[in-house]
Amino acid sequence: MAAPRLSTEDPAWAKALIITLVLVFLGLVLVLPLAAVFAEALRKGLQPALDAIANPDAIAAVKLTLLTAAITVPFNVVFGLCAAWAVAKHEFPGKSLLITLIDLPFSVSPVVAGLIYVLVFGLQGWFGDHLVDNGVRIIFAVPGIVLATIFVTFPFIARELIPLMQEQGTSEEEAAVSMGASGLYTFWRVTTPNVRWGLLYGVLLCNARAMGEFGAVSVVSGHIRGLTNTMPLHVEILYNEYDFVGAFAVAALLCLLAIVTLVLKTALEVAQPGAGRRGH
Amino acid sequence: MTISIRSVEKKFGRYPALNKIGLEIADGELLALLGPSGSGKTTLLRVIAGLEFPDAGQVLFHDQDVTFASAAARRVGFVFQQYALFKHMTVAKNIAFGLDVRKGKDKPSRAEITRRVDELLRLVELEGLGGRYPSQLSGGQRQRVALSRALAVQPSVLLLDEPFGALDATVRKSLRRELRRVHDATGVTTIFVTHDQEEALDLADRVAILNQGVIEQVGTPAQVHDQPISPFVCGFVGEANRFEGGVLNGRFTAGSVVLPAARVADGKAVAFVRPHDLVLDADGFAVQVNRVHVQGALATVDGVTLTGQRIEVTVSRDQADQFTGAVKLSARRAHVFPG
């Protein structure tokens, strides 16, 4: 005998329809393009794809992308923790302004973000002459790329932590302080451990965006091969030169980095329910 | 440790949470701060703890002004409403926290800390649970951990914010006994906040009743129950029938209800009569009995007077049979306040 249907359960045909719709949509929008990237990259076999990745310019792009992420992510970890701590655990004038400012990069187009830096640090910009006199290159150089990436990825970690910290309230901190713990000790031993899963999650999102950012970086980079090309920019250049195998090979590598990030994220989500019980 | 609170004031924005509060707490006393929500009781506790600083007034610990001293400097043990245990630390680590944070020669040796943690676990009857995490404990056990964590620093005063609020009724009752036992064993001056009058009367040596940022009355549980000095205290502590009427020549009248009011001036008044102070009396006022329900050794009678005022009477079980149909009642004692 079939189990009685629960009143809250949808009829079988509706479930099947909805699931099919979702799968078809995901297939068309996500899986197919992703498969196409790898298919295009491997169209002429594995060797041409590997050659494209081993190209010195491609390797330079990979290195620059990893360098950018390696600078951006730690910066945003520090900033995100500080900002979230200030916003969630303290009351001060201008708090809502700070929250709005943190959100700004989400609402501003990345291209505009890049242009802001050109305007400020570029040759015709506010500090242009001063920078040239002192031999400092920001625009069309690595510092500009890092700055633009930091701007774009600014909110990821802070936004992840603020609701989490707000939800946890301040009583654990008060308990720690009332037992004689200093502010810093409380921050490291009480506040931070409570948000470590949220922090890791934020780091992964921030990292994915830092490696994948195109718009803002494109404006400030100058597209100098082997010097200021990140992976997304390198993909574009190769594509525009009709080097499809090369473009898709580098794109596939970028996808692989993203997939690794996603797998890590999923692994964290699986681990998270037990997080409370674990010691370290 | 004696504690003196002198004309303490605290405002949140425009809203006055504490209004010229004065209170003396004796060494080794167990005091309850009782009041409805929004009465300022938690704010007062946090001012005593040093988690909140008053806008005006003084807090003295043993004649020493600590008004603006930090919570740590005051050596208070604070038990938070939701316990605020550190989720990522074991029970033992939680209890040891206050000792672990100490520096230099103040910091006890590791063996000393372990010994102290074991002693506290024994005190709250949680032996062998030191290695667990807070999420693996029941509500009552968490409360005990919070209590022993607060006691670990050998506080000069122990402060508890609604310590039993998050627990179910049976656990609540046993933990009340537990807190009393721990208090008697350690002798530490203890102040706890509660909105539950039964809890305050049952547990405390003295009760301070707060209403709208003002202390209405301070006294032993018997005093605040039997000799309430204001209508608020009378209505808030214990059960009471409330009547609105007037006093003339030492008699309070509200509709058909007549009560003695010896020392009250003539004029409008409000009267309270405890359900157990109403007795059958042939010369009393008439009450129509609606329902009698038995609660253990006592019976509660729901009735209504001739003028439609509802009335509640508590009698012993063997008297319950006499309450049928129309009866006549009088009050052995009434609390009448000019109003």
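Predicted model: local features only at pLDDT ≥ 70, side-chain atom pairs only at ≥ 80, totals over all residues.
Residues are numbered from 1 along each chain as its sequence is written, and chains are lettered from A in the order in which they are written. Local features need pLDDT of at least 70, side-chain atom pairs count only at pLDDT 80 or more, and side-chain values use heavy atoms, without hydrogens and water.

In chain B, five strands form an open sheet. Their order is 13-12-11-14-19, and the pairing is antiparallel. Strands are DSSP runs of E with at least two residues, helices are runs of H or I with at least four, and both are numbered from the N terminus. Two strands pair if DSSP finds at least two bridges between them. Strand 13 (257–260) and strand 19 (335–338) of chain B stand at the edges. Each has a single partner strand, so one side of each is left without a neighbour in the sheet. Neighbouring strands of this sheet are turned by 35 degrees against each other on average, direction ignored. Axes here are lines fitted to C-alpha atoms, for helices over the stretch in contact; angles run from 0 to 180 degrees between N-to-C directions. Strand 14 (residues 267–273) of chain B is joined to strand 19 of chain B by four bridges. F272(B) stands opposite H335(B) in strand 19 of chain B.

Helix 2 (residues 46–54) and helix 3 of chain A pack at an angle of about 65 degrees. Their axes are 5 Å apart. Helix 2 of chain A contributes A52(A), I53(A) and A54(A) to the contact (heavy atoms within 4.5 Å). Helix 3 of chain A contributes P56(A), A58(A) and I59(A).

Over all chains, the structure holds 15 aromatic pairs. Rings of Phe, Tyr and Trp (its six-membered ring) pair if their centres lie within 6.5 Å; planes under 30 degrees apart count as stacked, over 60 as edge-to-face and the rest as tilted. The rings of F79(A) and F154(A) have centres 4.1 Å apart and planes at 15 degrees, so this pair is stacked. F79(A) lies in helix 3 (residues 56–89) and F154(A) in helix 7 (residues 142–168) of chain A, 75 residues apart. For Y242(A) and F244(A), the centres are 6.2 Å apart and the planes at 85 degrees, so the pair is edge-to-face. Y242(A) is exposed at 65% relative accessibility, whereas F244(A) is partly exposed at 31%. Buried means under 20% relative accessible area, exposed over 50%, partly exposed in between (1.4 Å probe, protein chains only). Y239(A), Y242(A), F244(A) and F248(A) form one aromatic cluster.
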